[in-house]
Amino acid sequence: MLDLREITSFTDFFIICSVSNPRQAHAVAEEIGKQLKETGELPISLEGYDAAEWILMDYGDFIVHIFSESARAYYDLERLWRHARSVDLPNA
């Protein structure tokens, strides 16, 4: 997870993960959506679900990025946003 609060105004956090295949990407996105919906959180937008190379789930204060391994290496958000503070997620 990247803490972007001190470097951008469009969101507070990026949550970034990698998956091995499109089926896993769909499963991860569906479970995240289900768990957050149970707490009353609904996404503002959901992009990339069909191709499942990079699924972006925008919840306003945080954005979830679910990458295939190759897409994560190519886009390298951790390098692009290198000034953000890295935050370890509990139980991750």
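Which side chains meet in a salt bridge at 2.9 Å, N to O? They are those of Arg 85 and Asp 3. The legends below describe close-up views of a predicted model.

**View 1. A salt-bridge network links Asp 3, Arg 5 and Arg 85.** The side chain of Asp 3 meets that of Arg 85 at 2.9 Å, N to O. This pair links distant parts of the chain: Arg 85 lies in strand 6 and Asp 3 in strand 1, 82 residues apart. Asp 3 also meets Arg 5 in a salt bridge, at 2.6 Å, N to O. Asp 3 counts as buried because its relative accessibility is 9%, under the 20% limit. Arg 5, at 46% relative accessible area, is partly exposed.

**View 2. Asp 76 and Arg 79 form a salt bridge.** Their side chains meet at 3.6 Å, N to O. Asp 76 is partly exposed, with 26% relative accessible area. Arg 79 is partly exposed too, at 47% relative accessibility. The whole structure holds four salt bridges.

**View 3. Asp 58 is buried without a salt bridge.** Asp 58 belongs to strand 4, residues 54-58. The nearest side chain of opposite charge is Arg 5, and that is 15 Å away. What lies 2.7 Å from a polar atom of the Asp 58 side chain? It is the backbone nitrogen of Gly 60. Beyond its neighbours within four places in sequence, Asp 58 contacts Pro 43, Ile 44, Ser 45 and Ile 63.

**View 4. Two hairpins share strand 4.** Strand 3 and strand 4 run antiparallel and are joined by three bridges. Leu 46 stands opposite Met 57 here. Six residues separate the two strands of this hairpin, and Gly 48 takes a positive phi near 80°. Strand 4 also pairs with strand 5, antiparallel, over five bridges. Three residues lie between strand 4 and strand 5. Gly 60 sits in that turn with a positive phi of about 85°. Strand 4 is mostly covered, with four of its five residues buried.

View 5. Strand 2 (residues 13-19) pairs with strand 1 (residues 2-3) in the antiparallel sense, over two bridges. Strand 2 and strand 5 (residues 62-68) instead run parallel, over seven bridges. His 65 of strand 5 is the bridge partner of Ile 16. His 65 is also the bridge partner of Leu 56.

**View 6. The largest nonpolar core has twelve residues.** Among them are Phe 13, Val 19, Ala 25, Leu 36, Met 57, Tyr 59 and Phe 62. Strand 2, helix 1 (22-38), strand 4 and strand 5 each supply at least two residues of this core. Apart from it lies another core, of ten residues, including Leu 2, Leu 4, Ile 16 and Ala 84.

**View 7. Tyr 59, a member of the largest core, and its contacts.** Leaving aside neighbours within four places in sequence, Tyr 59 touches Ile 32, Gly 33 and Leu 36, among others. Its contacts also include Glu 41, Leu 42, Pro 43 and Ile 44. Pro 43 and Ile 44 are contacts of Asp 58 as well.

Terms used. Residues numbered from 1 in each chain as written. Predicted model: local features only at pLDDT ≥ 70, side-chain atom pairs only at ≥ 80, totals over all residues. Heavy atoms only, no water. Buried < 20%, exposed > 50% of the residue type's maximum accessible area, 1.4 Å probe, protein only. Lys, Arg positive; Asp, Glu negative; His and termini not counted. Polar contact = N/O pair within 3.5 Å; in protein donor to acceptor, adjacent residues only side chain to side chain. Contact = heavy atoms within 4.5 Å. Pairing = 2+ DSSP bridges. Core = buried A, V, L, I, M, F, W, Y, C linked by side-chain atoms within 4.5 Å.
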